[in-house]
Amino acid sequence: MLGHLLHLSGIDSVIVENRSKNYVIERVRAGVLEQSTVDLMIESGMGERLQSQGLCHDGIYINVFGQRHHIDMTALTGRGITVYGQNEVVKDLIAARVRARRPLHFEVAKVSVDELGSKRPKIRFTKRGKPSEIRCDFIAGCDGFHGICRPSIPESHLRIYERAYPFGWLGILADAAPSSPELVYSRHQRGFALFSMRSNKVTRLYLQCAPDEDLTRWPDDRIWKELLIRLQSDDGWKPETGPITRKGVTGMRSFVAEPMRYGRLFLAGDSAHIVPPTGAKGLNLAIADVWRLSHALTEFYKSGREELLDSYSDECLRRVWRAQRFSWRMTTLLHKPVSKNAFDQRRQVAELEYLMESRAAMTSLAENYVGFPIE
Ligand code: PHB
């Protein structure tokens, strides 16, 4: 996205990616886009498939111990969400890059960044064993939580904020028609479950599990049995079942590295911050970061002014912390606590009841879920 936005401003860039093209477009990830993410895709000329295949949702359901409640986000906030796989977004971005004929290197290795404090930092990598070096004006570290950019910043320069959760999500993709037009977040006695989708034929489902859950202990029929128990509601709703085509376990953490800049290196997306997936904010935050970075760089090349580059980190972090709070809130609200503290358990029930009975509480959830305008 950053490469494309810079290209539209006449600024050249080189993208290096250590995975293969197939890996990045096949890897199933989250799938909820905020309106501002959708608007940016459309405004930058990449919205064609999104507009024809994305599923527009006005609300979500929350199933509280069997009682399914609807939160009508469009009525409460005037905005909705679009369900469109993150890997589909990646496909559209790659197609735009290829159309623009700008450099995009897959399957590079040994990537390193250097001389970050100078005005000409460099990136080194090898492609098919051949070493390359790029001298540039700026480096954008869009290389995810496990990437090399954040660890290239001296430790003394970064402050890390972190929280790990004592559970993970077991996620599946199934060839089954979604039996609800909208997502269902479920807090069941046995733990959290989520019903989502990718198309009119494919359902995406998740179960709360241990962070290091052993997938071999989860044959398909056990997964379906548990999903049906946790998701079905007293009104008779339950998900449609079908052949499982993908399975995986993801851990959950909240993480922020501050500031999101060191010299001429700017961090964006998961390299600087991770949210647990319950709030569906990860991709949307990354998009907001690179929108801001593209504006700051455009201003720099147009006028030589560095104010927007200087305020990049602080401005991004305001949105990041707002999303951190919301993602932590959704996670602690909906998961079965591992702690046996009776007070915490009753408090969670009181919060769920408050959410279902108060329009103000629902509006607060809805406005955070649909996301705030970028800017
Ligand atoms: C998904 O569709 O993969 C999904 C939806 C909502 C979430 C997380 C993941 O909160």
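## A guided tour of the predicted model

In strand E10, Lys130 is the bridge partner of Lys127. The model is predicted, so local features require pLDDT of at least 70 and side-chain atom pairs count only at pLDDT 80 or more, whereas totals for chains, interfaces and linings use all residues. Residues are numbered from 1 along each chain as its sequence is written, and side-chain values use heavy atoms, with hydrogens and water left out. Helices (H or I, at least four residues) and strands (E, at least two) are DSSP runs, numbered from the N terminus. Two strands pair if DSSP finds at least two bridges between them.

**Stop 1**

Select residues 122–127 and 130–135. These are strands E9 and E10, which run antiparallel and are joined by six bridges.

Val108 stands opposite Lys127 of E9.

For a further residue with this kind of backbone angle, go to Arg101, which has a positive phi of about 55° although it is not a glycine. Arg101 is in the loop between helix H6 (86–99) and strand E7 (104–105).

**Stop 2: the three-stranded sheet**

Select E11, E18 and E17. In that order they form an open sheet with mixed pairing. The edge strands, E11 (139–141) and E17 (261–262), each pair on one side only. E11 and E18 (residues 265–267) run parallel and are joined by three bridges. In that pairing, Leu265 of E18 is the bridge partner of Ile139.

Pro259 lies in the loop between E16 and E17.

**Stop 3: the eight-stranded sheet**

Now select the open sheet with the strand order E5-E4-E13-E14-E15-E12-E16-E19, in which the pairing is mixed. Its edge strands are E5 (67–72) and E19, each pairing on one side only. Within the sheet, E14 (residues 191–197) and E15 (residues 202–209) are antiparallel over five bridges. Leu194 has Tyr206 as its bridge partner in E15.

Contact here means heavy atoms within 4.5 Å; axes are lines fitted to C-alpha atoms, for helices over the stretch in contact, and angles run from 0 to 180 degrees between N-to-C directions. H9 lies across E4 (59–64), E12 (159–175), E13 (184–188), E14, E16 (244–258) and E19, and runs at about 130° to E16. Helix H11 (residues 359–370) packs on the sheet and touches E4, E5 and E13, its direction making about 65° with that of E5.

**Stop 4**

Select residues 282–303 (H8) and 307–334 (H9). Their axes come within 10 Å and cross at roughly 165°. H8 and H9 are therefore roughly antiparallel to each other; angles under 35 degrees count as roughly parallel, over 145 as roughly antiparallel, 65 to 115 as roughly perpendicular and the rest as oblique.

To view the contact, show side chains including Leu285, Arg292 and Phe300 in H8, and Leu308, Tyr312 and Arg319 in H9. By class, this contact has twelve nonpolar, one polar and five charged residues. Ala, Val, Leu, Ile, Met, Phe, Trp, Tyr, Cys and Pro count as nonpolar, Asp, Glu, Lys and Arg as charged, and the others, Gly among them, as polar.

Arg329, Thr332, Leu333 and Leu334 in H9 meet Gln348, Glu351, Leu352 and Leu355 in H10. The classes in this contact are four nonpolar, two polar and two charged residues.

**Stop 4: a salt bridge**

Finally, select Glu34 and Lys281, whose side chains meet in a salt bridge (2.9 Å, N to O). Glu34 lies in strand E2 (residues 32–34) and Lys281 in the loop between E19 (273–274) and H8, so the pair ties together parts that are 247 residues apart in sequence. A salt bridge is a side-chain nitrogen of Lys or Arg within 4 Å of a carboxyl oxygen of Asp or Glu. By this rule, the count comes to 25 salt bridges.
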